[in-house]
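Below are my notes on the model, in numbered points. Please read them with the coordinates open.

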Amino acid sequence: MKKLKKLFAKNKEWAKKIKQEDPDFFSELSKRQKPKYLWIGCSDSRVPENKIVDLPAGEIFVHRNIANMVVHTDLNSLSVIQYAVEVLEIKHVIVCGHYGCGGIKAAMENHEHGLIDNWLRHIKDVRRFHKDKFSGLEHEEKLDRLCELNVIEQVRNICNTTIIQDAWRADKELHIHGWVYNLATGRLKSLEKCISSNDESQKRNKKHE
Ligand code: CO
């Protein structure tokens, strides 16, 4: 059996380097975490959140799945959001999609992929909600547009969770951001103004109805 020695060697080097730069880094981080951001991103290996915003371990609380979805009844993502907001008291939630997303592409096409099609169905719903927004676009442009619309839709889903609504009702500071990452340039783009209250969320809901 391959033991992936390379990864252990790289880990040893990494831990050594960090300790040289900051001897207390690991001992301090092992006592508590106080991340500033919750990142909801795609599982895609080319979008590693800590790397692309150049932040060290301990700064970002993370949930990743195929096509950065927040499904209303998904206990996994809801649990992450609840813990982030209620226990870690994170003030910024970021949904980050990316152009060239395989999940988005698969949802645009009609090939069969087995079990994953049940997950992609949520993206197909996004496509259906916004079907009037694709007319006149080339295929690639359609894919990019669906990446963006999917992020906007997931921001909306987060705002509509009882977790976020309760937090805003209790006057907690909390901002929900929708971003998209460009694999070809390494750059992030903000899609819309962040949402920071139930009032703003209601207005955004109306805008996208
Ligand atoms: Co993706």
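**Notes on the metal site, ring pairs and a helix packing**

1. The cobalt ion is held by Cys42 (SG), His98 (NE2) and Cys101 (SG), at 2.1 to 2.3 Å. Donors here are N, O and S atoms within 2.8 Å of the metal (3.2 Å for Na, K and Ca), and because water is not among the atoms, sites may look incomplete. Along the chain, the donors of the cobalt ion have the spacing C-x55-H-x2-C.

2. On provenance: this is a predicted model, in which local features need pLDDT of at least 70 and side-chain atom pairs count only at pLDDT 80 or more, while totals for chains, interfaces and linings use all residues. Residues are numbered from 1 along each chain as its sequence is written, and side-chain values use heavy atoms, with hydrogens and water left out.

3. Buried means under 20% relative accessible area, exposed over 50%, and partly exposed in between (1.4 Å probe, protein chains only).

4. The whole structure contains four aromatic pairs. Rings of Phe, Tyr and Trp (its six-membered ring) pair if their centres lie within 6.5 Å; planes under 30 degrees apart count as stacked, over 60 as edge-to-face and the rest as tilted. One of the pairs is Trp14 with Phe26, edge-to-face, at 5.5 Å centre to centre and 70 degrees between the planes. Trp14 belongs to helix α1 (residues 5–21) and Phe26 to helix α2 (residues 25–31), 12 residues apart. Helices (H or I, at least four residues) and strands (E, at least two) are DSSP runs, numbered from the N terminus. Trp14 is partly exposed at 40%, as is Phe26 at 30%. Ring pairs join Trp14, Phe25 and Phe26 into a cluster.

5. Phe61 and Tyr83 form a tilted pair, because their ring centres are 5.8 Å apart and their planes are at 35 degrees. Phe61 is in strand β2 (residues 60–65) and Tyr83 in helix α4 (residues 75–87), so the pair ties together parts 22 residues apart in sequence. Phe61 is buried at 16% relative accessibility, whereas Tyr83 is partly exposed at 39%.

6. Helix α4 also packs with helix α8 (residues 162–169), at an angle of about 20 degrees and with the axes 9 Å apart. Axes are lines fitted to C-alpha atoms, for helices over the stretch in contact, and angles run from 0 to 180 degrees between N-to-C directions. α4 and α8 are therefore roughly parallel (angles under 35 degrees). Leu78, Ile81, Gln82, Val85 and Glu86 in α4 meet Ile163, Ile164 and Ala167 in α8, contact meaning heavy atoms within 4.5 Å.

Methods: Angles under 35 degrees count as roughly parallel, over 145 as roughly antiparallel, 65 to 115 as roughly perpendicular and the rest as oblique.
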